Amino acid sequence: MRARIAVEQETKAALHRYRDLQPRTRDGRAIELVANLGALNEIPLALDVGAMGVGLFHIELLFMQQRALPTEDEQVAVYRQLAEAFHPYPVIIRTLDIGGDKPVAGIDFPREESPFLDWRGVRMCLDRPEIFKPQLRALLRAATVGNVRVMIPMISELEEVRRVRQLIAQCEAELRAEGTERAAFELGIMIETPAAVLQADALGAEVSFFSIGTNDLTQYVIATDRANARIASLYRTEHPAVMTAIEMTCRAAQRAGIWVGGCGEAASSLDLLPRFIQMGVTELSMSPAAILAAKKRICEL
Ligand code: PEP
Ligand code: MG
């Protein structure tokens, strides 16, 4: 046991040397390695491994922990603290991605047969502006820190992006009329439905970046529920169809002149990482525990 602990400590110490390094492949491609976070108390973990910002801040916890929905001011405080902790590196905050599988006090979800295909993510937010607008207002207010980016989950229609933009413009106008400080943020979308992949050219013309959500993209491309153990062997991001979908997304991003990142579990796969980089992914977001090993892997490519 002592010998194993010693080896483990040595490996950890060796990885720590990569902490302050900007990972770059041997042929000179710089990759941003950023953290997936769900709560402010995870910030020190991410800073400790040299995360170059946040690629996905899940706000679901903030909504699920409490008895009532968080107020706009409560949200501003959280988003600001996150942005300040990583400044000048960017932080990408994802708007609420809640569905029938995750209950939230204060949102009345109908009982649904297939929660992953129903009223989740941007679909719910667009239907409930009284929940969505305080998020967008809070994000505009927190954006004064200077490094806030926002991304929208579960996009399957161009119209959804346009409606989100209209709501942002409305919130901006309201804040201006009230004399409240606010700033613009870059808007991106998650690519996690086959519909988004197949319309990536049109979507790419309307947003600043794509982030590939490999967890959902895998389940929707292969038609395998990501939470069902009985079909777990079918659920593989390295399935050729999923890899083709990722490649199509990267090509569309290049044509649109925008950057593309990845933020599902597969983004930290040391085996898949070279393929993602080859396809043109320039940002990978993962749990802080995976960042140092990914930095090392990239420097060896
Ligand atoms: C994804 O779908 O890959 C993703 C990052 O989002 P979530 O796992 O929260 O659905
Ligand atoms: Mg998802």
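**Entry 1: ground rules.** I call a polar contact a pair of N or O atoms within 3.5 Å, where within protein one atom must be able to donate a hydrogen and the other to accept it, and residues adjacent in sequence count only if both atoms are side-chain atoms. I note that this is a predicted model, in which local features need pLDDT of at least 70 and side-chain atom pairs count only at pLDDT 80 or more, while totals for chains, interfaces and linings use all residues. Residues are numbered from 1 along each chain as its sequence is written, chains are lettered from A and ligands numbered from 1 in the order in which they are written, and side-chain values use heavy atoms, with hydrogens and water left out.

**Entry 2: the ligand.** I looked up what lies around ligand 1 and found 13 residues, the closest being Arg94, Gly213, Asn215, Asp216 and Arg226; a residue is near a molecule if one of its heavy atoms lies within 4 Å of it. Asp216 brings a polar side-chain atom to 2.9 Å from an oxygen atom of ligand 1. Asn215 has a backbone N or O atom 2.7 Å from an oxygen atom of the ligand, and for Gly213 a backbone N or O atom lies at 3.4 Å from a ligand oxygen atom. Ligand 1 taken alone exposes 290 Å², and the protein buries 94% of that; these areas come from the Shrake-Rupley method with a 1.4 Å probe.

**Entry 3: the barrel.** I followed the strands and found that eight of them close into a barrel in the order β1-β2-β3-β4-β5-β6-β7-β8, with parallel pairing. The twist averages 25 degrees from one strand to the next. Helices (H or I, at least four residues) and strands (E, at least two) are DSSP runs, numbered from the N terminus, and two strands pair if DSSP finds at least two bridges between them. Strand β4 (residues 148–152) pairs with strand β5 (residues 186–191) over four bridges, and there Val150 stands opposite Leu187 in β5.

**Entry 4: helix α13.** I then turned to helix α13 (residues 288–300), which packs on the sheet and touches β1 (32–37) and β8 (283–286), its direction making about 165 degrees with that of β1. Axes are lines fitted to C-alpha atoms, for helices over the stretch in contact, and angles run from 0 to 180 degrees between N-to-C directions. Among the buried residues of α13 are Ile291, Leu292 and Ile298, and the cover over its buried residues includes α1 (2–16) and α12 (273–279).

**Entry 5: two residues.** Is Gln75 buried or exposed? Gln75, in helix α4 (residues 72–86), is buried, with a relative accessible area of 1%. Not counting residues up to four places away in sequence, Gln75 touches Leu62, Phe63, Pro70, Pro134, Gln135 and Ala138, where contact means heavy atoms within 4.5 Å. Leu40, in the loop between β1 and α2 (43–48), is partly exposed at 23% relative accessible area. The C-alpha atoms of Leu40 and Leu82 are separated by 6.6 Å, although these residues are 42 residues apart along the chain.

Conventions
Buried < 20%, exposed > 50% of the residue type's maximum accessible area, 1.4 Å probe, protein only.
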